[in-house]
Amino acid sequence: MAAGSLVTAWIDPAAWSQYAYYMRTSVVTREFTPCFGDLLRDSIHPAWEWLAFVPAVLGCLWALVYFWPRRHRWDWLEQGGLLMLVSLLVAPSLDLRSILAIPAILFAVARAPSRAVLAGLAILYLLLEVQVVSPFPLASAAYLWPAPAWLVWYLFARASCRKPGTMPLPASPSPSVSSSR
């Protein structure tokens with residue numbers, strides 16, 4: 001980050017002061033986007049833009065606490081899904097966040113031993129599809145539910161999944177029987 005900041009300052013020495021001016025004067029930062037940071041800001045004090053970043057800061061602190069004891073044996077497949085879904089929950093902006101949940105969802109589905117886990121996933125996708133045609137504008141609190149829903153589903157799926165390393169092996173083809181002519 002420091003190197004990127006220095007390169008930015010080298011290319012345009014006024015970039016940081018221009019950015020600070022934009023952040024103070026832009027009305028875009030005051031518009032509601034369906035994320036918990038904006039919900040927090042708008043419910044406490046809409047003019048305090050910094051409140052929108054409180055969930056992200058808390059999420060970063062949680063990520064450090066989650067990562068640190070696992071740092072020597074970190075496995076992105078095993079632990080990265082939860083990290084990604086929590087980051088989606090606390091993200092301070094509206095974007096195509098749900099697409100970032102796909103790796104965690106696919107990993108949990110690969111380990112899901114029950115139809116209940118798959119049925120829950122199907123219901124979530126159905127609700128997302130219904131919401132696409134809903135009358136709610138994109139800047140509505142009605143779009144807050146997917147990130148916590150993905151996280152709850154993931155925790156349920158992981159709690160009911162097989163232990164790491166116990167994935168069933170694919171069935172090997174039966175030995176070919178040579179026919180005599």
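**Ground rules.** The model is predicted, so I kept local features only at pLDDT of at least 70 and side-chain atom pairs only at pLDDT 80 or more, while totals for chains, interfaces and linings use all residues. I number residues from 1 along each chain as its sequence is written, and side-chain values use heavy atoms, with hydrogens and water left out.

**Entry 1, the core.** I began with the largest nonpolar core, which has 22 residues. By nonpolar core I mean a set of buried Ala, Val, Leu, Ile, Met, Phe, Trp, Tyr and Cys residues joined through side-chain atoms within 4.5 Å. Buried is under 20% relative accessible area, exposed is over 50%, and partly exposed is in between (1.4 Å probe, protein chains only). The members that touch the most others are L82, L85, A101, I105, W150, W153 and Y154. At least two core residues come from each of α5 (76–90), α6 (102–111), α7 (115–132) and α8 (146–159). Helices here are DSSP runs of H or I with at least four residues, numbered from the N terminus. The largest share, six residues, belongs to α8. As a reminder to myself, nonpolar side chains tend to be buried together in soluble globular proteins.

I then picked L85 and listed its contacts (heavy atoms within 4.5 Å). Leaving out residues up to four places away in sequence, L85 touches A101, A104, W150, L151 and Y154.

Which helices do the buried residues of α8 pack against? I found α5, α6 and α7. The buried residues of α8 are P146, A147, A149, W150, L151, W153, Y154, A157 and R158. I also checked the span: α8 has 14 residues and reaches 20 Å from its first C-alpha to its last, close to the expected 20 Å. That expectation is 1.5 Å times one less than the number of residues.

How many salt bridges does a search of the whole structure find? It finds four, taking a salt bridge as a side-chain nitrogen of Lys or Arg within 4 Å of a carboxyl oxygen of Asp or Glu.

One of them joins R158 and E78, whose closest N and O atoms are 2.8 Å apart. R158 sits in helix α8 and E78 in helix α5, so this pair ties together parts that are 80 residues apart in sequence. Both R158 and E78 are buried.

R41 meets D38 at 3.4 Å, N to O, and R41 meets D42 at 2.9 Å, N to O. R41 and D38 are about one helical turn apart because they are three residues apart in helix α3 (residues 36–44). R41 and D38 are both buried, with R41 at 1% relative accessibility. D42 counts as partly exposed at 29%.

I found that the side chains of E78 and R111 are joined by a polar contact of 2.9 Å. A polar contact is a pair of N or O atoms within 3.5 Å; within protein, one must be able to donate a hydrogen and the other to accept it, and residues adjacent in sequence count only if both atoms are side-chain atoms. R111 lies in helix α6 and is buried, with a relative accessible area of 8%.

My last stop was P46, in the loop between α3 and α4 (54–67). P46 is partly exposed at 47% relative accessible area.
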